[in-house]
Amino acid sequence: MKIYMNGKFVEKEDAKVSVFDHGLLYGDGVFEGIRAYGRRVFKLKEHIVRLYESAHSIMLDIPMTQAEMCNAVVATLKTNNLSDGYIRLIVTRGVGDLGLDPRKCKGGPSVIVIADKIALYPEKFYKEGLAIITVPTVRNLPEALNPQLKTLNYLNNILAKIEAVNLGYDEAIMLDNMGYVAECTGDNIFIVKGEHLYTPPQCMGTLRGITRDSVLEIAHKQKIDTHEHVITRHEVYNADECFLTGTAAEIVPVVKIDGRPIGTGKPGAMTRRLIGLFKELTRREGVKY
Ligand code: PXG
């Protein structure tokens, strides 16, 4: 496996960062997870824009243009001869000293692109649906570390994941600081009630997921009513269907939340329909290479 590091391809064994890199010392950096399907990178532009927006907010100047970054992603896939894959893009603040001050990272940011085979979730998750649980750790306050920023500082989500796993579940619902349902640890959440689709708005504790946007786009085309609206746990418990969306997971049905069965307790018709339409979209759209 070859890894892209600052403009060069290096072997996996040689792809190393300094212990003084502020990405390691402080989680000071940004990242993206992207997927390629059948030699097409799905929503590449959208992922790159989100990466640059996160970087802009933390005042991290990525030393290449968005077009060059797109080319680096495609080149990494080609070099590794991957037609389907999962790409992890990482930009760290770079090598500094042991202090916080980012001005000490004089060498500039480290840009890393890893392309690997996709580690799919077990088929059982999609066929039978997930049971998930609300955990105590809430999403970061937007006025502190805004959940819109995809930074290397992911402890908020990792703590929630640990809490879910400790309780015997694979995934967690995280609430925002007001107590509304925000998202899961690496996925957005949707509910279906009647013919309507609801998902939390991006303004509180929710990342504007690219899979989330794709599902909203599909739903609009299908004339399904969509609502970006605050959601309570009560509404989730009484939904007809629930599912999660994310680049890695795609669309996963949820059949039980906090011990309450959702709808029939089986993956619902709207969820299955959207899974099919999303699959079609990923095969049809994307940057060809
Ligand atoms: N919410 C959060 C907090 C995320 O990190 C999503 C939603 C879904 O967004 P996209 O754009 O992928 O539809 C993410 C995605 C994982 C993993 O292992 C997931 C993410 C990042 C790293 C790992 O599931 N982010």
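Trainee: How many salt bridges are there between domain 1 and domain 2?

Mentor: The count between domain 1 and domain 2 is 2 salt bridges, a salt bridge being a side-chain nitrogen of Lys or Arg within 4 Å of a carboxyl oxygen of Asp or Glu. Two remarks on the source come before the details. This is a predicted model, in which local features need pLDDT of at least 70 and side-chain atom pairs count only at pLDDT 80 or more, while totals for chains, interfaces and linings use all residues. Residues are numbered from 1 along each chain as its sequence is written, and side-chain values use heavy atoms, with hydrogens and water left out.

Domain 1 covers 2-116 and domain 2 covers 123-284; these bounds come from an automatic or database domain assignment. Their C-alpha centres lie 26 Å apart. To the contact (heavy atoms within 4.5 Å), domain 1 gives 25 residues and domain 2 gives 21 residues. About 1800 Å² is buried between domain 1 and domain 2, with 62% of that area from carbon and sulfur atoms; buried area is the accessible area (1.4 Å probe) that two parts lose on being put together, summed over both. Of the area that domain 1 buries against domain 2, Phe31, Tyr37 and Arg50 supply 34%, more than any other three residues.

Glu250 forms a salt bridge with Arg35, with 3.6 Å between the closest N and O atoms. Between domain 1 and domain 2 there are also 10 residue pairs in polar contact, both residues at pLDDT 80 or more. A polar contact is a pair of N or O atoms within 3.5 Å; within protein, one must be able to donate a hydrogen and the other to accept it, and residues adjacent in sequence count only if both atoms are side-chain atoms. On the side of domain 1 that touches domain 2, at least two residues each come from helix H1 (22-26), strand S3 (29-37), helix H2 (44-57) and strand S5 (85-92). Helices (H or I, at least four residues) and strands (E, at least two) are DSSP runs, numbered from the N terminus. The largest share of that side, 8 residues, comes from S3.

Thr282 lies in helix H8 (residues 269-284). Thr282 counts as buried because its relative accessibility is 0%, where buried means under 20% relative accessible area, exposed over 50% and partly exposed in between (1.4 Å probe, protein chains only). Setting aside residues up to four places away in sequence, Thr282 touches Tyr37 and Phe42.
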